[in-house]
Amino acid sequence: MSLSVKLPALGESVVEGTVARWLVKEGDRIERDQPLVEITTEKVDTEIPAPEAGVIEKILVPEGETVEVGTELVRIASAGAAGAGARRAPQASEVTGEAGAAGAGARRAPQASEVPAAEPAAAASDVRATPVARLAAAETGVDLHDVEGTGAGGRVTKGDVRRHAARGEAPPPAQTRPAATAPGRPAYLTYQLQTGDRVIPMSPLRKLVAQHMVLSKQVSPHVGTVAEIDMGGIVRVREVHKRAFREQHGFNLTYLPFVVHATVRALREFPRLNASVVEDSIVEKKDVHIGIAVETEKGLVVPVVRHADRLSLTGLSETIEDLSNRARSKQLSLDELKGGTFTVSNPGRQGNLYGFAIINQPQVGILRMGEMVKRPVVRTVEGEDAIVVRPMMHLALSYDHRAVDGAPANAFLFRVRELLEEAEFDL
């Protein structure tokens, strides 16, 4: 009896995945939960484990191919069906002599990927590299042996490959010049390459990100509103606690948990922002699960803080720190990328004044933090107007006008501002 292993859902809004590398071959005997294949998406790299013990019967998707969720990847003959006659495929080190080589050939014909080239160089598989780096190298024609790895243990990363490729010259325009008019595309939308232009092919992951961003803009009528926040109270609270906090917890107390804490409190008062549009209905979520946008080597990922409204400021800080670190080291589980009901994005110190983020489907709102800067503002001091210097930040809310009207959206953002300026937080 054959068991089919399909590409599972790998995160909210992820509909495709790329087969980065097969970890088994046809004929291999495998155990339950043994990793079969490395899959990469725009949100997460992961390994698909074997659901049962058995023998690899047929690999159906080659390395480098992008397929939709639900696509059959491999068939496994179950251990019972394989019986005693199904033996584990021999490793190269186990096949010696002519008789051994002949026996191996009789049991399993070599795969195309196993046939050496006429002038074999050192295989790229002997280079320590991430699956995404291998894909990037294949797309750009970069030899991984020539790339200096900056990842953990000297591992080659996607960024290493891109930087190496950027040092090379662009292909001649005559070889890469696109047709004057792509199918279904007006001529004025097609750029003609000029001498000196550098062509950087989109990776499969970049294409997926682009598709999802376009989809979100097509599905949701985005509206934006901005609030200016006086962060003076938050700065004082942080200054009082930051040394003791670091000594106790081992990391810095940042401004992000304060913003998230204020956001989840406001969401409880304005549940229409903690919702999704499902067909012709608006579903207000019972639970508050906050997605935290984190910039990583492979781009933006959004791990989820579950039941964020049940956590203290310290609990939020610890959870955000843990998720952010594991996102950057690619140690997140698939479940930690699913189920967000609202997203907060923090571009960091170079976030500029403000910017409107694209909504993370199927949510209806995303809050983006701007850079905090000291600016002169007018305040009433002892009944008189005075110009004082205050640490100011802009918060920009993007919301889905199908589900949220301007009045509740502005009221929600105003409430977030009130909570931050009151600065009544208990660690």
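What share of the contacts in the protein chain with a separation of 6 or more comes from residues 24 or more positions apart? The share is 62%, where contact means heavy atoms within 4.5 Å.

This is a predicted model, in which local features need pLDDT of at least 70 and side-chain atom pairs count only at pLDDT 80 or more, while totals for chains, interfaces and linings use all residues. Residues are numbered from 1 along each chain as its sequence is written, and side-chain values use heavy atoms, with hydrogens and water left out.

**View 1. The protein chain with its helices and strands.**
The protein chain has 10 helices and 18 strands. Helices (H or I, at least four residues) and strands (E, at least two) are DSSP runs, numbered from the N terminus. Of the 427 residues in the protein chain, 40% are buried. Buried means under 20% relative accessible area, exposed means over 50%, and partly exposed lies in between (1.4 Å probe, protein chains only).

**View 2. The open sheet β5-β4-β2-β7.**
Four strands form this open sheet in the order β5-β4-β2-β7, and their pairing is antiparallel. Two strands pair if DSSP finds at least two bridges between them. β5 (45–49) and β7 (66–68) are the edge strands; each has a single partner strand, so one side of each has no neighbour in the sheet. On average, neighbouring strands of this sheet are turned by 40° against each other, direction ignored; the axes are lines fitted to C-alpha atoms, for helices over the stretch in contact, and angles run from 0 to 180 degrees between N-to-C directions. Three bridges join β2 (residues 16–22) to β7 in the antiparallel sense. Thr18 has Thr66 in β7 as its bridge partner.

**View 3. Leu23 in a loop.**
Leu23 lies in the loop between β2 and β3. Its relative accessible area is 30%, so Leu23 is partly exposed. Apart from neighbours within four places in sequence, Leu23 is in contact with Pro35, Leu36, Val37, Glu38 and Glu47. Ile48 is 25 residues from Leu23 along the chain, and their C-alpha atoms are separated by 9.8 Å.

**View 4. The open sheet β1-β8-β6-β3.**
This open sheet also has four strands, in the order β1-β8-β6-β3, with antiparallel pairing. At its edges stand β1 (2–6) and β3 (29–30), each with a single partner strand, so one side of each is left without a neighbour in the sheet. β6 (residues 54–59) and β8 (residues 72–78) are joined by five bridges in the antiparallel sense. The bridge partner of Ile56 in β8 is Ile76.

Helix α7 (residues 232–249) has 18 residues, which at 1.5 Å a residue should span 26 Å; the end C-alpha atoms are 24 Å apart, which agrees. The expected span is 1.5 Å times one less than the number of residues. α7 bends by about 50° at His241, the bend being the angle between axes fitted to the seven residues ending there and the seven starting there. Gly232, Gly233, Ile234, Val237, Arg238 and Phe245 of α7 are buried. Among the elements covering the buried residues of α7 are β9 (222–230), α9 (313–328) and α10 (406–422). Gly250, with a positive phi near 85°, follows α7.

**View 5. Aromatic pairs.**
Rings of Phe, Tyr and Trp (its six-membered ring) pair if their centres lie within 6.5 Å; planes under 30 degrees apart count as stacked, over 60 as edge-to-face and the rest as tilted. The count comes to four aromatic pairs. Phe245 and Phe251 form an edge-to-face pair, with 5.4 Å centre to centre and 85° between the planes. Phe245 and Phe251 are both buried. The ring centres of Phe342 and Phe412 are 5.7 Å apart and the planes are at 65°, so this pair is edge-to-face. Phe342 lies in β15 (residues 342–345) and Phe412 in α10, so the pair ties together parts that are 70 residues apart in sequence. Phe342 and Phe412 are both buried.
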